[in-house]
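Biologist: Please take a close look at a single part of this model, and describe its side-chain contacts and surroundings in one connected account.

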Amino acid sequence: HMAKNEVGIHDYFGLITLLCAAVTLGTFVQFQNKPPTPPSYSEIEKMMRGEKEPPFLESVKRLFGTPGFSIPLAAFICSISITNIVGTFIDEVMERGG
């Protein structure tokens, strides 16, 4: 009944907004900086050696500053875009074909 008219659509989007806000709040409340145990053997080794991870933004800057990273990234983004477009058209063709 929610998505059958304009008022129903507004109610539907309102419900989705509330559910997303509740899930987001729940995620923030339960979020931890680190898992209780290291997720892999290599992380245990890093902890034993006392290695520290660089800040996130520093890691991102270093990643995007890596020579040759931009072209594969652009190709990856294009491939996902093309996959989504083709999938949309195939869905439309399949609906018409029955």
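Modeller: K46 counts as partly exposed, at 25% relative accessibility (buried is under 20% relative accessible area, exposed over 50%, partly exposed in between, with a 1.4 Å probe and protein chains only). This is a predicted model, in which local features need pLDDT of at least 70 and side-chain atom pairs count only at pLDDT 80 or more, while totals for chains, interfaces and linings use all residues. Residues are numbered from 1 along each chain as its sequence is written, and side-chain values use heavy atoms, with hydrogens and water left out.

The side chain of K46 meets that of E43 in a salt bridge, at 3.4 Å from N to O (a side-chain nitrogen of Lys or Arg within 4 Å of a carboxyl oxygen of Asp or Glu). E43 and K46 are separated by about one helical turn because they lie three residues apart in helix α2, residues 41-49 (helices are DSSP runs of H or I with at least four residues, numbered from the N terminus). E43 is likewise partly exposed, with a relative accessible area of 25%.

K46 also forms a salt bridge with E53, whose closest N and O atoms are 3.2 Å apart; E53 counts as exposed, at 56% relative accessibility. The search of the whole structure finds three salt bridges, and among them is one between R49 and E51, with the closest N and O atoms 2.8 Å apart. R49 is exposed, with a relative accessible area of 54%, whereas E51 is partly exposed at 43%.

Terms used. Helices (H or I, at least four residues) and strands (E, at least two) are DSSP runs, numbered from the N terminus.
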